[in-house]
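The structure is shown first.

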Amino acid sequence: MKKLAAVLTALSVAAAAVGLAFAAEPNAKKGRYLYRTKYCRTCHGKTASDLSPASKTQAEWKKALAGWQKLPCAKDWKDVSAEDRADIQAYVVEGAKDSPNPTKCN
Ligand code: HEC
């Protein structure tokens, strides 16, 4: 019984570690949803410039997002957590102009 408890403890520690590893990895699929539905395309492509991942190179996106506080729309980013920003960056960099798979939003 003691042995079983030890095995279960070891298993749950391993599962937690795997969970953490996944949480730490930016998620481009989630970024796609955040960019297109939740935070960015609500304006971009409507009331603001038609920004798709393919609008910029990977370096341009990284630079723009690293300095997001300086963007004209920074005040509209206040609900975007650091994790969400990382997911959005993963999505736009994956579909950037100079990526293997340039992505347009429409
Ligand atoms: C409330 C509307 C609004 C929202 C939401 C919004 N933006 Fe903007 N954004 C603007 C406006 C307005 C400008 C300045 C004029 C323009 O580029 O159309 C701008 C400018 C920018 C620029 C600089 C211009 C360029 O082409 O490089 C970037 C980059 C940008 N936004 C990215 C984003 C991203 C990424 C999000 C989602 C996290 C976002 N914006 C959310 C309205 C918005």
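Is Gly45 buried, exposed or partly exposed? Gly45 is partly exposed, because 16 other C-beta atoms lie within 10 Å; a residue is buried with 20 or more other C-beta atoms within 10 Å of its own, exposed with 12 or fewer, and partly exposed in between, the C-beta atoms being placed from the backbone. The model is predicted, so to speak of local features a pLDDT of at least 70 is needed and side-chain atom pairs count only at pLDDT 80 or more, while totals for chains, interfaces and linings use all residues. Residues are numbered from 1 along each chain as its sequence is written.

Gly45 sits in the loop between α2 (28-39) and α3 (58-66). Helices are DSSP runs (H or I, at least four residues), numbered from the N terminus. Beyond its neighbours within four places in sequence, Gly45 is in contact with Asp50, Cys105 and Asn106; contact requires C-beta atoms, placed from the backbone, within 7 Å.

Helix α4 spans residues 82-94. Its buried residues include Ile88, Tyr91 and Val92, and the cover over the buried residues of α4 includes α2 and α3.

| Helix | Residues in the contact |
|---|---|
| α3 | Gln58, Trp61, Lys62, Leu65 |
| α4 | Arg85, Gln89, Val92, Val93 |

By class, this contact of α3 with α4 has four nonpolar (Ala, Val, Leu, Ile, Met, Phe, Trp, Tyr, Cys and Pro), two charged (Asp, Glu, Lys and Arg) and two polar residues (the others, Gly among them).

Note on methods:
Helices (H or I, at least four residues) and strands (E, at least two) are DSSP runs, numbered from the N terminus. Two residues are in contact if their C-beta atoms, placed from the backbone, lie within 7 Å. The expected span of a helix is 1.5 Å times one less than its number of residues.
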